[in-house]
Amino acid sequence: MARKTKAEAAATREALLDAAEEVFFAKGVARTSLEQIARHAGLTRGAVYWHFKNKGDLFMALVERVRMPFQSLMEEVSNTDPAISPLEAIRLACHAGLNRLEQPSHQRILSILLHRCEFFSDINPIEMQDEIAEECFDEMLAVFHVAQQQQLLREDITPEVATRLMQSTLGGLFHDWLRNPDAFSLKARGGELIDTLVKVLER
């Protein structure tokens with residue numbers, strides 16, 4: 001392949017990821033070939049292999065596009081108001097996450113990961129989901145521990161239980177919404193559930 005500038009290479013990579021998102025969503029991951037993705041992007045299969053080792057590598061790059069580490073959401077909230085309490089920071093971070101998830105690209109990629117990706121070759125969707133969930137759990141748990149230390153959390157609820165309640169609420173909400181995104185607004189219903197749960201958890 002002819003030498004490309006960094007900008008051209010980056011644009012090609014993004015075009016391939018855009019195409020993969022659309023084709024994976026329409027056909028499912030297992031039934032999509034790299035040739036189909038290349039054609040959809042108006043590129044050659046060689047362009048795919050220039051940027052990605054295989055379909056699994058491409059798929060993981062696609063998921064990384066919408067990955068939202070809870071810690072990064074917390075940092076955004078804290079940057080806006082450094083004096084914010086841990087529980088309020090969790091509430092606002094969850095709201096920020098819901099806002100992003102309603103963006104079409106985030107919705108499609110999460111739908112691919114949860115509903116349109118089968119076990120095959122070098123792709124294990126359950127393992128990927130578990131990794132994301134565990135990372136979120138650990139980061140949220142650390143904040144609930146701070147809330148407990150500041151005596152903001154109910155005495156009869158441990159940080160571990162509080163984290164599982166929040167994560168289970170969000171997980172159930174995402175699955176229900178992705179099955180039928182037109183049924184309700186994730187931002188509106190999710191925001192209401194998060195606000196209510198934070199009130200239940202606070203001392």
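Cys 117 is buried in this predicted model, with a relative accessible area of 12%. Cys 136, by comparison, counts as partly exposed, at 21% relative accessibility. Does either belong to a bridge, or how many disulfides are there in total? The count comes to zero disulfides. For Cys 136, the nearest cysteine sulfur is that of Cys 94, and it lies 7.4 Å away. Since a disulfide requires sulfur atoms within 2.5 Å, Cys 136 is in no disulfide.

Let me turn to the overall architecture. The protein chain has ten helices and zero strands. Read from the N terminus, its elements therefore run α-α-α-α-α-α-α-α-α-α. The C-alpha atoms fill a box of roughly 60 × 35 × 30 Å along the principal axes. Of the 203 residues, 39% count as buried. Helix 1 and helix 4 pack with their axes 10 Å apart and at an angle of about 95°. That angle makes helix 1 roughly perpendicular to helix 4. On the helix 1 side, the residues that meet helix 4 include Arg 13, Leu 17, Ala 20 and Phe 24. Helix 4 contributes, among others, Lys 55, Leu 58, Phe 59 and Arg 65.

Pro 86, Leu 87 and Ile 90 in helix 6 meet Val 143, Phe 144, Val 146 and Ala 147 in helix 8.

How many aromatic pairs does a search of the whole structure find? The search finds one. The ring centres of Phe 24 and Phe 59 are 6.0 Å apart and the planes stand at 75°, so the pair is edge-to-face. Why does this pair tie together parts that are apart in sequence? Phe 24 lies in helix 1, residues 6-27, and Phe 59 lies in helix 4, residues 55-66, so the pair ties together parts that are 35 residues apart in sequence. Are these two residues buried or exposed? Phe 24 is buried, with a relative accessible area of 0%, and Phe 59 is buried as well, with a value of 1%.

Two arginines are placed over aromatic rings. The charged end of Arg 116 sits over the ring of Phe 25, at 4.0 Å from its centre. Arg 189 lies over the face of Phe 184, and the distance to the ring centre is 3.9 Å.

Next, I would draw your attention to Leu 186, which is found in helix 10, residues 186-201. Leu 186 is buried, with a relative accessible area of 0%. Which residues does Leu 186 contact, leaving aside its neighbours within four places in sequence? They are Leu 98, Leu 101, Glu 102, Leu 173, Phe 174, Trp 177 and Gly 191. Leu 186 and Arg 108 are 78 residues apart in sequence, with their C-alpha atoms 14 Å apart in space.

Two loop residues remain. Asp 122 has its place in the loop between helix 7 (104-115) and helix 8 (125-149). Its relative accessible area is 38%, and Asp 122 is partly exposed. Leaving aside neighbours within four places in sequence, Asp 122 is in contact with Asn 54 and Gly 56. The C-alpha atoms of Asp 122 and Ser 33 are separated by 14 Å, while the two residues are 89 residues apart along the chain.

The other is Gln 151, in the loop between helix 8 and helix 9 (159-179). Gln 151 is not a glycine, yet its phi is positive, at about 60°. With a relative accessible area of 54%, Gln 151 is exposed.

Methods. Residues are numbered from 1 along each chain as its sequence is written. This is a predicted model: local features need pLDDT of at least 70, side-chain atom pairs count only at pLDDT 80 or more; totals for chains, interfaces and linings use all residues. Side-chain values use heavy atoms; hydrogens and water are left out. Rings of Phe, Tyr and Trp (its six-membered ring) pair if their centres lie within 6.5 Å; planes under 30 degrees apart count as stacked, over 60 as edge-to-face and the rest as tilted. Helices (H or I, at least four residues) and strands (E, at least two) are DSSP runs, numbered from the N terminus. Buried means under 20% relative accessible area, exposed over 50%, partly exposed in between (1.4 Å probe, protein chains only). A charge sits over a ring if NZ of Lys or CZ of Arg is within 6 Å of the ring centre and within 35 degrees of the ring normal. Contact means heavy atoms within 4.5 Å. Axes are lines fitted to C-alpha atoms, for helices over the stretch in contact, and angles run from 0 to 180 degrees between N-to-C directions. Angles under 35 degrees count as roughly parallel, over 145 as roughly antiparallel, 65 to 115 as roughly perpendicular and the rest as oblique.
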